[in-house]
Amino acid sequence: MKLHKNDNFSRRNFLKTSVLASGGLLIGFNLITACKTEAEMPVDIANLNFNDFNAFIKISDDGYVTIFSPNPEIGQGVKTSMPMIIAEELDVEWSKVNVVQGALDTKNFQRQVAGGSQSIRFGWDALRQTGATTRQMLINAAAAKWNVDASTCKASKGIITNENGDKLGYGEVVKEAALLEVPDDVKLKEIKDFTIIGQEIVNVDIDKIITGKPLFGLDYKAEGMVYASVLRPPAFGQKLESFNDTKAKAVNGVSEVIKFGDKVAVLANSTWAAMKGKKALSAVWNDEKFESTENHNEILTNILDGKEFKVEREDGNIKKAFKTADKVIERTYHSPFLPHNCLEPMNFYADVTEDKVHLVGPIQTPQWTVNRVAKLLDRKAEDISCKMTRMGGGFGRRLYGDFALEAAEISSLAKKPIKVIFSREDDMTAGTYRPAIKYRIAASLKDGKVTGYHLKEAAVNGNMYGLIPNFFPAGCIPNYKVETGNYKSNITTGAWRAPYTNFLAFAEQSFFDELAAELNVDAIQLRLDLLQNVKNTDDKKIEYSGQRMEDTIKLVREKANWGKTKEGVYQGFAAYYSHNTHVAEIADIVLKDGFPVVKKVTVAADCGVVVNPTGARNQVEGGVLDGIGHAMYADLSFKKGKPNSKNFDTYRLIRMQETPKVEVYFVENQLSPTGLGEPGLPPAGGAVANAINVALGKRMYSQPFVKELKKENVLG
């Protein structure tokens, strides 16, 4: 059975009630399936046991509500904001809500993922209906108790009242409500009546975080658990030929050394002993033909110069536009590999026995990881349980679960519960990186207009642009073409915060700044003029809104006082649509001893209804700082297959004193919300690069900018 977005399927499909032993009401809702715009029903609902649900609301007879949050919490705030949506429609005081991390149901549910800034967007309708349905059931129970029509009753802050002035708390009717039919047609609140959504709500885990209570994977301990530190190939593409563990086994606390594949695990009674034992290992690796950054630069340039491309989108006649142009401008942009550098290094617990497999740890893709562990160990996924801990950062790295597979394999071989812990060096040298990319962008200009746009992408391991050819400026320029080519590398690459757009937005928005200068028009006005061409488009493939982007740009232009700053302050603008959210940013920089210093970034974002302004601002501010820091400083180069940086002494991140003030403004509307974990990052690099050009007259074509400025002798 398929669920479609507009189907008026019964709430019975995702709601189920039960009376608690204590007399409270337990309401299960298949949140994950209900969140999907199209989804296969996981089971026959009619035959489903209540315990098959992986997320539910629990209302006790004293009126307190527990909401189990099923999605992984990675710092994006869904553990707070998703229950807020339910509590709003349930109409209960937030102070009476307790939020608990839900477990993974590996049998029935397939989508418990932290990634793509999609949790709120996909959960909005289902979460609202869940809360509203529960509220109506409580009202119906109260009405029956009073022997009045339910339409004459209303609920507010956990209290039900009728026209006679009678009052009943939710806790006083939960037992009766649990025995009622689930209503099919409930009325959602008007957005203007929201009392919880839109309020500044503190993160539900904040007390535990600031007092150091165990929440994260690194905190997890279990009886009988030993720690594992793993020696991995030092260079990508390398294989293990032999190893000697004599000195490792002599380390106090080391209990065992296990080879698996091309890796060697040292097991010990503490993290320190395990890591010390690993350092005492000696190993012989084969000698392969290794890759280097110089190789990659040459290969990617050759791809751009060649003819082997896949056409992702083509409008009009790009050849004719370029042939008849008054002028053609072409620029090439380059980004390096980047590691994720989560504050909490990779770690995972596994207990593999003949009867079961139990996994615990920080993971963005628990279901996928369980399936991979099942395949690795030749076990049934139904026999594997996975408990999600809060994550100390992810940014895409914890999508991949390789650390969980290592834990499961080692536990299976050792026949004991173990926890794999990466050191910072392990994390940076054996990672899954943002791939190196080059973009070559060309535009044709004629009669003061942009008539053609041609983008070529050359990437290591798969193409970024291939998934987003219908983003801006598609639809704005009549002759438009996007082509991609790639090179297969041994170096592991994957999603990095705001995948596909984190570097592209810098390249594209820098290029449009050059076009504005060439046409002698204001940089913002050029974008606004181009957006007029995509309004009211009948092209269903276009993914962004011309009107929403225009509104967002105008808001940031007003809030940042574009063009009206003090002497010595230089502004740069960029705007980008990604992950269903429109964002525009203006960076203010000053020069200090000739060095560009970002003092302030003004941000406007259209993400629809803002569920939790506190969390929303946090996400945007974090994205902006992340984008600026990596664009300015971050660089991971390779030599003989090895990263040149292994820790933060050689890998530069933005520092506390370098972080600018970030002012965030949201476009006010009543549209369904979208995500914010990633969209704040992509425009940041472009806004800073364009401000640097205003201040120094130097265009940035490569990241990191500091390296580019030194290369051009702008900085000493």
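**Reading loops, domains and salt bridges**

Q: Between which two strands is the loop that holds Pro 473?

A: Pro 473 falls in the loop that runs from β23 (449-460) to β24 (479-487). Do keep in mind that we are looking at a predicted model.

Q: Which peptide bond is cis, with omega near 10°?

A: Start with the omega angle of the bond. For the step from Phe 472 to Pro 473, omega is near 10° and the bond is cis. Another case is the bond joining Gln 703 and Pro 704, also cis, where omega is about 5°. Pro 704 is found in the loop between α17 (682-696) and α18 (705-711).

Q: How does the domain assignment divide the protein chain?

A: Domain 1 is 45-190, domain 2 is 217-288 + 346-421, and domain 3 is 309-337 + 434-707. Between domain 1 and domain 2, the C-alpha centres are 39 Å apart. Their contact draws on 17 residues of domain 1 and 18 residues of domain 2.

Q: How much area do domain 1 and domain 2 bury between them?

A: The accessible area lost when parts come together is often used to state the size of an interface. In this model, domain 1 and domain 2 bury about 1,300 Å², with 61% of that on carbon and sulfur atoms.

Q: How many salt bridges are there between domain 1 and domain 2?

A: The count is 1. Glu 73 pairs with Arg 390 in a salt bridge whose closest N and O atoms are 3.8 Å apart. That distance counts because the cut-off for a salt bridge is 4 Å. The side of domain 1 that touches domain 2 consists of 8 nonpolar, 7 polar and 2 charged residues. As for polar contacts, the interface of domain 1 and domain 2 has 1 residue pair, both at pLDDT 80 or more.

Q: In which helix do Asp 427 and Arg 424 lie, and how many residues apart are they?

A: Both belong to helix α12 (residues 424-429), 3 residues apart, which is about one turn of the helix. The structure has 39 salt bridges.

Q: Which residues does the UniProt "domain" annotation cover?

A: The unreviewed UniProt entry annotates residues 211-289 as "Aldehyde oxidase/xanthine dehydrogenase a/b hammerhead". Over residues 211-289 the model has 18% helix and 35% strand, and the end C-alpha atoms lie 50 Å apart.

Technical notes: Residues numbered from 1 in each chain as written. Predicted model: local features only at pLDDT ≥ 70, side-chain atom pairs only at ≥ 80, totals over all residues. Heavy atoms only, no water. Domains from an automatic or database assignment. Contact = heavy atoms within 4.5 Å. Buried area = accessible area lost by both parts, 1.4 Å probe. Salt bridge = Lys/Arg side-chain N within 4 Å of Asp/Glu carboxyl O. Polar contact = N/O pair within 3.5 Å; in protein donor to acceptor, adjacent residues only side chain to side chain. Nonpolar A, V, L, I, M, F, W, Y, C, P; charged D, E, K, R; others polar. UniProt positions renumbered as here; feature names shortened; annotations may be inferred. Helix = DSSP H or I, 4+ residues; strand = E, 2+ residues; numbered from the N terminus.
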